[in-house]
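Could you walk me through this structure in my viewer? I would like to know what to select at each stop and what I will find there.

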Amino acid sequence: MSAHANVASVIIKRKKVVGGGGHHGGAWKVAYADFVTAMMAFFMLMWLLNATTEQQRSGIADYFSPTIPIHRISGGGEGAFGGESIFSEDTLPRNGTGAAANRATQENRARGATGSDSDSDDAAQDKAFESLDAMLQGFGGESRVMENALEHINTRITDEGLVIEVFSLDSRPIFEPGTDQPTPLLRDLALLISEITKTVTNDIAVEGHVRAQPLVLAENPVWPLSHKRATQMRVLMEGLGISAQRMQRVTGHADRDPIARNPMALRNDRLEVVLLRNDT
């Protein structure tokens, strides 16, 4: 017994062998795929910004941030009734494009708050303004020069009427810097707007806006300059065949209504030609 007690214990070590070497983890592949996808989206965004006009970019932005009018008689949504309310005229199953008291749908117009004919008159004028806008945008396909000129135009329909905004861009101003002398670009745009305006009989208003000055001056020129520029646009349009009787007002807003975040940005140098709604 004593002999066996002095014998050292035998320790057996078993080594676990993993075959194939493994993949050493695959999380990096997922991260790399996400990175490639993000870069592809980024370059597509850069391409869109370069290949589209400001009018088209505005439309794309509106698509991703829609504004849905809410009214007590019409939700204006995209649901089963397509924005129509249950009070819509004629048959309920026919879908429209939304309705409100001031801007009724073109088909099956909701009666709105009053049910008066003024709602249908407004809808008819909206339709006419949309046709003018489409006609204006259609000139862009005639030539590359005209397409570039349309980059200086934005349109919108408001309670006042159809607003045609003409604005300066970097290296392509519509007026000579610091003056009311129109550039050849503005003369071309005035010709285009005048031809479109001749197709209707609405009265016209012209409004001028300028960018802010970098220094505080004793006599700030922004007020007289904005009015002079609006007057120049009026003179150009009248010289192109627009009746002076249609001109209802010419206004200078100075730098009080900037459209760009930076009040001194060249984008704030702009004119607005408004085709006013007809009195009803």
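## Stop one: a salt bridge across the chain

Begin by selecting Asp126 and Arg277, whose side chains meet in a salt bridge with an N to O distance of 2.7 Å. This pair ties together distant parts of the chain, 151 residues apart: Asp126 sits in helix 4 (residues 118–138), while Arg277 belongs to the segment after strand 5 (270–276). Asp126 counts as buried, because its relative accessibility is 12%, and Arg277 is buried too, at 13%. Please keep in mind that this is a predicted model.

How many salt bridges does a search of the whole structure find? There are 15. Side chains of opposite charge can pair when their charged atoms come close.

Select Arg172 and Glu151 next, and you will see their side chains joined in a salt bridge of 3.1 Å, N to O. Here the partners are 21 residues apart, with Arg172 in the loop between strand 2 (161–167) and helix 6 (184–197) and Glu151 in the loop between helix 5 and strand 1. Arg172 is partly exposed, with a relative accessible area of 32%. Keep Glu151 selected and show its surroundings: leaving out residues up to four places away in sequence, Glu151 touches Thr53, Glu54, Phe167, Leu169 and Arg172.

Now move to Asp255 and Arg256, another salt bridge, where the closest N and O atoms are 2.5 Å apart.

To see a network of salt bridges, select Arg156, Glu165, Asp257, Arg267, Arg270 and Glu272 together.

Select Ile153, which is found in strand 1 (residues 153–157). Ile153 counts as buried because its relative accessibility is 1%, and buried means under 20%. Its contacts beyond four places in sequence include Gln55, Leu136, Ile164, Leu189 and Leu192.

Zoom in on Tyr32, which is found in helix 2 (residues 27–51). Tyr32 is exposed, with a relative accessible area of 52%.

Definitions and conventions:
Residues are numbered from 1 along each chain as its sequence is written. This is a predicted model: local features need pLDDT of at least 70, side-chain atom pairs count only at pLDDT 80 or more; totals for chains, interfaces and linings use all residues. Side-chain values use heavy atoms; hydrogens and water are left out. Helices (H or I, at least four residues) and strands (E, at least two) are DSSP runs, numbered from the N terminus. Buried means under 20% relative accessible area, exposed over 50%, partly exposed in between (1.4 Å probe, protein chains only). Contact means heavy atoms within 4.5 Å. A salt bridge is a side-chain nitrogen of Lys or Arg within 4 Å of a carboxyl oxygen of Asp or Glu.
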